[in-house]
Amino acid sequence: MSKTTASISLFIALLSLLWLQAEPNLLSFENFFQWRSALIQYSGMLAVGLMSLTMLLALRLPFIEQLTKGLDKSYRLHKYLGIAAVVTGAVHWLLAIIPKQLVRAGVLDKPVRGSGPNNPDSLYALVKPLRELAEHVGEWAFYGIVVLVIVALLGVIRYKGFRFSHKLMSVAFLVIAFHSAVLIKHSYWPYPITYVCLALIWVGSVAAIYSLLGRIGKTKQHTAKVANFRLLPKDKVLDLRLSVPSWHGHNSGQFAFVGFPGEEPHPFTIASTHTGTGQLRFMIKELGDFTANLKNRLSIGQELKIEGPYGNFDFSDTAPQLWIAGGIGIAAFTAILQQRQTMDKPPLAKLYYCSETIEAKFIEELQHLANGAQVDLKIIDNSSQAFLNANQLLREVDDLMQRSIWFCGPSKFSQCLQNDLAKQGYNLNQFHNELFEMR
C-alpha cells in the first residue's frame, strides 16, 4: 500500500471513528429511521470530506505536490477522490430519497420527528429555518456535480470546456458546503466530529473560492516570447523555443503549462535544462486539432503565458539509471542529457528511445547529446522492430535489478513494462514515471 493510499484510508477511518463517537447508541437502534438518520449523516460527512480534499488537490500548491510526489500524482488522486466523493454522495442521496418515496407509497410509516431545542435564543434556532432550503439546494447541486463528473470522465468536451466545467464544480461545492454545514445533526454538536466536518467544509470552500477567483498557479505564471520554432515533419513534432526572462529555474524532467492565444494553458514537458538564460524548449506532438494547428498560429516574438515548473520526474536518485522514452516522452530526457554535460560524476545511465517515426536530424542531435553526457543510447524503431519488453531489458542490461527506471511515454506502454518487470522480480518502487494526465 502506498503512503498516499494509507493516508486516505487513515483519514476515512478517523472520520468514521469520530462519527461513531457521536452515535453511542448506534448498536441499540431498533427503528429503521434511526439507522437511516445516522447513515445519512455518516455518508454526507464522508462525501463532503472527500470533496474538500478533492478541491484542495486542484490548487497546485507546492506543499501538496511534495506530499503526493508530483503534480501528476496530485491530479490522479484528485480524480479518484472526486469519483469516490460522488459515489458516497449517491449513497447519501439514496438514503435520503428512497425512504421518502416508500413513505409516500404507504410501504413505510411516516417517522416521528423531534422538534429540537425550543430555546429561541439558541444557535440551533437560527440554523433550523435554513434546513429546508439546505436540503433542496444541496440535492440540485449534487445532480449538477454528477453530470459534470460524468462529462469530465467521458472526455466529451475539449480542454477549454473541461476547465470551465471545473469552475462550475466549485460553485456546486459551495452550495453543498452550505447544505452540509446546516444539516449536521444537532445531537452531534457537542462532539468533535462536528468541528472536524466544519473545518473540512471551510478548507474546501476556501479552495473553491480560490479557484473561482482564478488564483490557481498565479504565483508561477510568466510572460514568454516565441524565440524560434520548427516542425519535425516525420515525427509531427513542433520544436518550440521560448524566451522567459522572469523564469526562476526548473529541474530536468519537469513540465509547465503553456497558454496560447485564445486557448486555456496545456501541460508540456520542458525539453531543455535550466541554464539561467530564461530560454526554454518544448517538443509538442501533434495529437489533435489544437496541437496540429499550432505551427500555423505562431510567429517569432509572439507573447505567450507560461506557468510552472511542476512535476517530480527529476532523476534525483544516485543509483545507476535506466531511461525509457516512448515517442514524445523523449522530451524529458533531452533536458537531463543537456544537464549531464556539466555534471561531475553523474550516475551511470542507459537510454532507450522507442518510436514509430524516426527523424534523422533529431536522432543525430540526440546521439550527440548522449555522447557528451556519457549515456549509452539505443534506438528502437517500432515501425520495423518489436516493442521493448522486460525480456529484452534483462538480456541487454546486466544490472537491471539494481537500476532505477525512469519512464516517460504512453501509459499502456508503461503498464505493460511494469507488469512484465514485476513478474521478473523487479522492485516497482524503483520505477518512476510521469502520469501526465491532467484530466
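In this predicted model, the axes of helix α4 (residues 71-104) and helix α6 (residues 131-154) come within 10 Å and cross at roughly 140°. A second pair is formed by helix α10 (residues 330-339) and helix α11 (residues 360-372), whose axes come within 9 Å and cross at roughly 40°. The points below take each pair in turn.

**Helices α4 and α6**

- An angle over 145 degrees would count as roughly antiparallel; at roughly 140°, α4 and α6 are therefore oblique to each other.
- The crossing in which α4 passes α6 is left-handed.
- On the α4 side, the contact is made by Lys79, Ile83, Val86, Gly89, Ala90, Trp93, Ile97 and Lys100.
- On the α6 side, Glu135, Glu139, Phe142, Tyr143, Ile145, Val146, Val149 and Leu153 take part in this contact.
- Sorted by class, the residues in the contact of α4 with α6 comprise 11 nonpolar, one polar and four charged.

**Helices α10 and α11**

- An angle under 35 degrees would count as roughly parallel; at roughly 40°, α10 and α11 are therefore oblique to each other.
- The crossing made as α10 passes α11 is left-handed.
- From α10, the residues Ile330, Thr334, Leu337 and Gln338 meet Phe362, Leu366, Leu369 and Ala370 from α11.
- The contact of α10 with α11 contains six nonpolar and two polar residues, and no charged residues.

Methods:
Residues numbered from 1 in each chain as written. Predicted model: local features only at pLDDT ≥ 70, side-chain atom pairs only at ≥ 80, totals over all residues. Heavy atoms only, no water. Axes fitted to C-alpha atoms, helices over the stretch in contact; angles between N-to-C directions. Helix = DSSP H or I, 4+ residues; strand = E, 2+ residues; numbered from the N terminus. Parallel < 35°, antiparallel > 145°, perpendicular 65-115°, else oblique. Left-handed = near helix turned anticlockwise from the far one by under 90°. Contact = heavy atoms within 4.5 Å. Nonpolar A, V, L, I, M, F, W, Y, C, P; charged D, E, K, R; others polar.
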